[in-house]
Amino acid sequence: MQTRLLERAKTLEPKHPNKSTRLFGGKSSGILNWNNIAYPHWYKMYKRLLGNYWQADEINMSSDAKQFSSLSQAEQDAYLKIIGLLSTLDAPQTRIALLLSLYTTDSSVQSILAVIAQQEAVHNESYSYVLSSIVSLDEQNEAFELGRKDQVLLKRNEKIIEQYNVFVEEPSLENVLKTMVYTILLEGMFFYSGFAFFYNLARQNKMVGTSTMVSYINRDELEHGRFISELFRATLAENPDYNHPAFIQWVYDQFNESVELEIEWSKYVLAEVEGIDLQEMTGYIQYRANKMLRMMGLHEIYPEHVDNPMRWIRAYVDNFDGTKTDFFEQKARNYTKTSDLNGFDDL
Ligand SMILES: [Fe+2]
Ligand SMILES: [Fe+2]
């Protein structure tokens, strides 16, 4: 069967209405009137995303810089590996937001994706920023090579790389939906063993600057996951042909497979780290998968982990919703801007 490719949305087309007729493959003038959009509640989402604005060099890294050498060797190795992981996973996200936005025929979605792309650019900068504050240039460069060279990491990322690249070659509606599924897995699950590592350090009062930064990234990723899940649901509803058992089964298969890979990865990278119970971590990964499936309007696949089994992490991630008073901000409100103090500008 010949796959029908989506056309790129027109930039400006006055013959078409301002209010989009479809999310993908529809008609829209390109003029954005937020008071006349197809999914009015997305305006709130846009405002919430804007409200989360932050920059990497607002975070004071001076105590982390002093503390890093006092971490155990296992902690130092895991720290660098996990920054390597996060930077690899976050690398495609700026472009993925752009790619989706090239094909959406809804201007409100395009604007939301533009804000997401800006945040992803900050996430990518922030990995360079923290590493430049604590290790030599050689070690920084080495951490950024992991995504190209580490065999476990390459295996773990194989499917996401494949799906993201297929979308570039073949921008069909099916690939838009599949790319959203992998984006949701990434925003809602793949990052979380890495996040847990830094929160675990923070609860021992170690590397609190890095964890503050990770908590900002975490807050953004939760919002991104939420929006892309809504976009997925709405796109499926507009295209009932894709809402059939074979496609939905494909989604569940990707979740199952990704959870297995994530558990394998967490055992590899967190094995020597004190304070993280790997069994609990497995439950936490399954809990995250359940949560994202629910947001997509699908059912849970790990009934034993409908609730978060990693109790201590709730203080760090479960209280972002709707407020700016997360754990780190309460504790670290007096941080100073240090962009000129830690050599990042010399990069
Ligand atoms: Fe990100
Ligand atoms: Fe994201």
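This report describes helix packing and the nonpolar core in a predicted model.

## The core

The largest nonpolar core has 89 residues, and Ile83 and Ala196 touch the most other members. Among the elements, α8 gives the most to this core, with 11 residues. Leaving aside residues up to four places away in sequence, Ile83 touches Tyr127, Val130, Leu131 and Ala143.

## Helix α9

Helix α9 spans residues 192-202 and is mostly covered, with 11 of its 11 residues buried. The buried residues include the aromatic residues Tyr192, Phe195, Phe197, Phe198 and Tyr199.

What do the buried residues of α9 pack against? Their partners are α3 (73-90), α8, α10 (208-238), α11, α12 (278-295) and α13 (314-317).

## Helices α8 and α11

Two of those partners, α8 and α11, also meet each other. Helix α8 covers residues 173-190 and helix α11 covers residues 245-270. Their axes come within 11 Å and cross at roughly 35°, and the crossing is right-handed. On the α8 side, the residues in contact are Val181, Leu185, Met189 and Phe190. On the α11 side, they are Val251, Gln254, Ser258 and Glu262. By class, the residues of this contact divide into 5 nonpolar, 2 polar and 1 charged.

Phe247 also lies in α11. Is Phe247 buried or partly exposed? Phe247 counts as partly exposed because it has 15 C-beta neighbours inside 10 Å, while a buried residue needs 20 or more. Phe247 and Leu177 are 70 residues apart along the chain, and their C-alpha atoms are separated by 9.7 Å.

## Helices α4 and α5

The axes of helix α4 (residues 93-103) and helix α5 (residues 107-134) come within 7 Å and cross at roughly 165°. This angle makes α4 roughly antiparallel to α5, because angles over 145 degrees count as roughly antiparallel. The crossing of α4 and α5 is left-handed.

From α4, the contact includes Gln93, Thr94, Ala97, Leu98, Leu100 and Ser101. From α5, it includes Gln110, Leu113, Ala114, Ile116, Ala117, Glu120, Ala121 and Asn124. The contact of α4 with α5 has 8 nonpolar, 5 polar and 1 charged residues.

Note on methods
Residues numbered from 1 in each chain as written. Chains lettered and ligands numbered in written order. Predicted model: local features only at pLDDT ≥ 70, side-chain atom pairs only at ≥ 80, totals over all residues. Axes fitted to C-alpha atoms, helices over the stretch in contact; angles between N-to-C directions. Helix = DSSP H or I, 4+ residues; strand = E, 2+ residues; numbered from the N terminus. Left-handed = near helix turned anticlockwise from the far one by under 90°. Contact = placed C-beta atoms within 7 Å. Nonpolar A, V, L, I, M, F, W, Y, C, P; charged D, E, K, R; others polar. Core = buried A, V, L, I, M, F, W, Y, C linked by C-beta atoms within 7 Å. Buried ≥ 20, exposed ≤ 12 C-beta atoms within 10 Å, placed from the backbone. Parallel < 35°, antiparallel > 145°, perpendicular 65-115°, else oblique.
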